[in-house]
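Subject: Structure handover

Hello,

Here is the structure for you to look at. My notes on it follow below.

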Amino acid sequence: MKDLSMEKLSGQYYDVLKELGNIGAGNATTALAQMLGGKVDMSVPQVKLLDFNVLGDTVGGEDVIMAGIYLQVEGDISGNMMFIQNKVSAAHLINKMMGGMFEIKDEEVEEHEFSEMECSAIKEVGNIITGAYLNALSSLTNLTIYPSVPQLAIDMAGALLSVPAVEFGLFADKILLVQTKFSDDVELDGFFILIPDMESYEKILTVLGVI
């Protein structure tokens, strides 16, 4: 197996990641706009290579309550994927999806317990966004990729991120994070993490001509 040390990969790798981030975020923005029935803007995605110990701070702090969508990836590649956003952003999206029926003040969101219907709405958003990124990866690589049914967890960022840290930490000491800012009348932060297994990771980079 080739040496896949993150630090030794060429600048071309980052170009590929940025392209994936751009296409995936663009797809997600279009899908969100259709779902919400309005205009959604997107900033240029930020692709970062991070040590695990700064991951929590990067998404806003280890103690920040976030909604995380976690799913498995199958097909030509296998692994896991996660999309996380803070609870305030999740509440805003739920309210938009439910036509303004769900509206609570930002300062009250942390104490609010999402109902089964509200959790379903968050999963639907996560489905759309993770699906958009997987479609982007599939288009770039011509690989067949299937997502599993997504699982939702609402917890502190540190607890949510311990899952990809364990998965990715099996073969690397750093993790790749795509940060995307969406906005309609409110700016929303979203963080996307793709965690292919080692064999799939090499396959993706080989298909893209990076290694």
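Gln 179 touches Pro 45, Gln 46, Lys 48, Asp 189, Gly 190 and Phe 191, leaving out residues up to four places away in sequence. Contact here means heavy atoms within 4.5 Å. Gln 179 lies in strand β7 (residues 174-183). Helices (H or I, at least four residues) and strands (E, at least two) are DSSP runs, numbered from the N terminus. Gln 179 has 11% relative accessibility, so it counts as buried. The cut-offs are under 20% relative accessible area for buried, over 50% for exposed and partly exposed in between, with a 1.4 Å probe and protein chains only.

Before going on, a word on the source. This is a predicted model, in which local features need pLDDT of at least 70 and side-chain atom pairs count only at pLDDT 80 or more, while totals for chains, interfaces and linings use all residues. Residues are numbered from 1 along each chain as its sequence is written, and side-chain values use heavy atoms, with hydrogens and water left out.

Val 178 is also placed in strand β7. Val 178 is buried, at a relative accessible area of 8%. Leaving aside neighbours within four places in sequence, Val 178 is in contact with Gly 21, Pro 45, Gln 46, Val 47, Tyr 133, Gly 190, Phe 191 and Phe 192. Leu 17 and Val 178 are 161 residues apart in sequence, yet 8.5 Å apart in space, C-alpha to C-alpha.

**The aromatic pair**

Two of the contacts of Val 178 are Tyr 133 and Phe 192. The structure holds one aromatic pair. The ring centres of Tyr 133 and Phe 192 are 3.9 Å apart and the planes lie at 15°, so the pair is stacked. Rings of Phe, Tyr and Trp (its six-membered ring) pair if their centres lie within 6.5 Å; planes under 30 degrees apart count as stacked, over 60 as edge-to-face and the rest as tilted. Tyr 133 sits in helix α5 and Phe 192 in strand β8 (residues 187-196), so named parts 59 residues apart in the chain are linked. Both Tyr 133 and Phe 192 are buried.

**Helix α5 and its end**

How do α3 and α5 pack, and at what angle? Helix α3 (residues 87-97) and α5 pack at about 100°, with their axes 9 Å apart. Axes are lines fitted to C-alpha atoms, for helices over the stretch in contact, and angles run from 0 to 180 degrees between N-to-C directions. The two helices α3 and α5 are therefore roughly perpendicular to each other. Angles of 65 to 115 degrees count as roughly perpendicular, under 35 as roughly parallel, over 145 as roughly antiparallel and the rest as oblique.

From α3, the contact uses Ala 90, Leu 93, Ile 94 and Met 97; from α5, Glu 118, Ala 121, Ile 122, Glu 124 and Val 125. Seven of the residues in this contact of α3 with α5 are nonpolar, none is polar and two are charged. Ala, Val, Leu, Ile, Met, Phe, Trp, Tyr, Cys and Pro count as nonpolar, Asp, Glu, Lys and Arg as charged, and the others, Gly among them, as polar.

Asn 142 is in the loop between α5 (116-141) and β5 (145-147). Asn 142 has a positive phi of about 60°, although it is not a glycine. Most residues other than glycine have a negative phi. Asn 142 counts as exposed, at 70% relative accessibility.

**Strand β3 and its partners**

Two strands pair if DSSP finds at least two bridges between them. β3 (residues 65-75) and β4 (residues 79-86) run antiparallel, joined by eight bridges. They form a hairpin with three residues between them. β3 and β6 (residues 151-156) pair in the antiparallel sense over six bridges.

Tyr 70 stands opposite Met 82 in β4, and has Gln 151 as its bridge partner in β6. Gly 75 stands opposite Ile 145 in β5.

**Leu 161**

Leu 161 lies in helix α6 (residues 157-168). Leu 161 is buried, with a relative accessible area of 6%. Leu 161 touches Leu 55, Gly 56, Val 59, Met 82, Ile 84 and Ile 193, not counting residues up to four places away in sequence.

**Whole chain**

The protein chain has seven helices and eight strands. Buried residues make up 47% of its 211 residues.

Best wishes
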